[in-house]
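Student: Hi! Could we go through the charged pairs in this one, and then the metal site?
Tutor: Happy to. Let's get it up on the screen.

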Amino acid sequence: MTERMRAQVFYEPQVMQLEERPIPRPSEIDVLIRVRRCGICGSDLSYYYGVNPLGTPTGKGPLVLGHEFTGEIVEMGSAVRGLRLFQVGDRVVVNPVQNCNACSYCAGGAPHMCPHATVPGVSVDGGFAEYCLSRYTHVFALPDGLADTAAAFIEPVACVVHGLEKLDIKPGHSVVVFGPGPMGLLIVQLAKAVGAGRVILVGTRDDRLEAGRRCGADAVFNVREAASPAYTPDLKGAIAGLTRGALGDRAILATSSPEAFTQALEVTGKLAIVVYFALPARGDVLQIPALPSKVMEKEIRFSRVSPLAWPTAIRLAAQGQVKVEPLLSGSMPLTETPEGFRRMQERIHGTIKIQVTP
Ligand SMILES: [Zn+2]
Ligand SMILES: [Zn+2]
């Protein structure tokens, strides 16, 4: 094994450069992974474009971004070798929210609330590099035959699994999904797997809504472009028409747009649950119309990252329930990572998701 690797190092908004660095050494409890594929996430974009601070002590770089990665084990720390959980060469995915497994939150089944977690790609170096470290407790071996392209979607799928648990869909429910980005499209794909009867996708771009149809949406609505065949000036009326006046049983926000949040409350009915799944920007404020929410006894819930969702996410991917084709717009070599960020941010040629292949 060569002792040096290439990594894309993020310094400050829109400054990321390819550097040669020593390959990191695993501690007793670490696994060293050769990264095969790493997806660019909306949260990576939010760091790269300065919308949100990093999880480092200063909120700033230098840091290797990237937390949606898959690869193969090349080395294990002594404690990991002793456990015989993995072998060199195993293909794996990594849960990037690496909680301590010792505090009261971790012990109480809420590992995502752990105040001691480290996060590759957010608080420590991540996957836009040839090699990356992970604690062995957050590494999962992959079943044979699962493509790398699908494996690099398991992290967002795990987030979706958690969001869908919060959404608490009952058989036959009408579910309204706002925001046909990569996350919204995965939610559309998987909502039926957990019982949704009808999935309605709401967005502002026809190309994304078309991708939503390929992901299994039963109805799509464009709430912005009057020239769109999917345009509706009256979303509530349109959804009432589809649901015999009952409106949506559930709504989930995969966009941080405040208008979408308002609409989610308008288009859901009695006893609805609305899950805020998106990543807001610093300072965002949500407004809740109090009286109708009270009268209809609505619940507004928040969902963050992917606690306890990994075995389910891997199973869904292994069963072929995660369709990569409508989501994956392209792959870029490590050298082109900043260009991949730009294409996703500017949605060039309808780009939805890009994966980097170090
Ligand atoms: Zn992500
Ligand atoms: Zn903890």
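**Salt bridges and a zinc site**

Tutor: Let's start with Glu-72, which forms a salt bridge with Arg-34; their closest N and O atoms are 2.8 Å apart. The pair joins distant parts of the chain, with Glu-72 in strand β4 (residues 68–76) and Arg-34 in strand β3 (residues 30–39), 38 residues apart. Keep in mind that this is a predicted model.

Student: Is Glu-72 buried or exposed?
Tutor: Glu-72 is buried, because its relative accessible area is 17%, under the 20% cut-off. Arg-34 counts as partly exposed, at 34% relative accessibility.

Student: What network of salt bridges is Arg-34 linked in?
Tutor: Arg-34 and Glu-72 belong to a network of salt bridges that also links Arg-36, Arg-91 and Asp-148.

Student: And how many salt bridges does the structure hold?
Tutor: There are 16 of them.

Student: What brings such side chains together, in general?
Tutor: Side chains of opposite charge can pair when their charged atoms come close.

Student: OK, over to helix α12. Which residue does Glu-339 form a salt bridge with?
Tutor: Its partner is Arg-343, and the closest N and O atoms are 3.2 Å apart. Both residues sit in helix α12 (residues 337–346), four residues apart, or about one turn of the helix. Glu-339 is partly exposed at 22% relative accessibility, and Arg-343 is partly exposed at 33%.

Student: Which residue pairs with Glu-346?
Tutor: Glu-346 forms a salt bridge with Arg-342, again with closest N and O atoms 3.2 Å apart. The two are about one helical turn from each other, because they lie four residues apart in helix α12. Glu-346 counts as partly exposed at 48%, and so does Arg-342 at 34%.

Student: Now the metal. Which residues are the protein donors of the zinc ion (ligand 2)?
Tutor: They are Cys-100, Cys-103, Cys-106 and Cys-114, each through SG, at 2.3 to 2.4 Å from the zinc ion. Along the chain, these donors follow the spacing C-x2-C-x2-C-x7-C. Cys-103 lies in the loop between β5 (91–94) and α3 (104–107), and Cys-114 in the loop between α3 and β6 (131–135), so this pair ties together parts eleven residues apart in sequence.

Student: Are Cys-103 and Cys-114 buried or exposed?
Tutor: Both Cys-103 and Cys-114 are buried.

Student: Last one: what geometry does the zinc site have?
Tutor: The site is tetrahedral, with angles of 104 to 116 degrees among the four donor atoms. For reference, the ideal angle for four tetrahedral donors is 109.5 degrees.

Terms used. Residues are numbered from 1 along each chain as its sequence is written. Chains are lettered from A and ligands numbered from 1 in the order in which they are written. This is a predicted model: local features need pLDDT of at least 70, side-chain atom pairs count only at pLDDT 80 or more; totals for chains, interfaces and linings use all residues. Side-chain values use heavy atoms; hydrogens and water are left out. A salt bridge is a side-chain nitrogen of Lys or Arg within 4 Å of a carboxyl oxygen of Asp or Glu. Buried means under 20% relative accessible area, exposed over 50%, partly exposed in between (1.4 Å probe, protein chains only). Donors are N, O and S atoms within 2.8 Å of the metal (3.2 Å for Na, K and Ca); water is not among the atoms, so sites may look incomplete. Four donors count as tetrahedral if all angles lie between 85 and 135 degrees; four count as square planar and six as octahedral if opposite donors are over 155 degrees apart and all others between 65 and 115; anything else is irregular.
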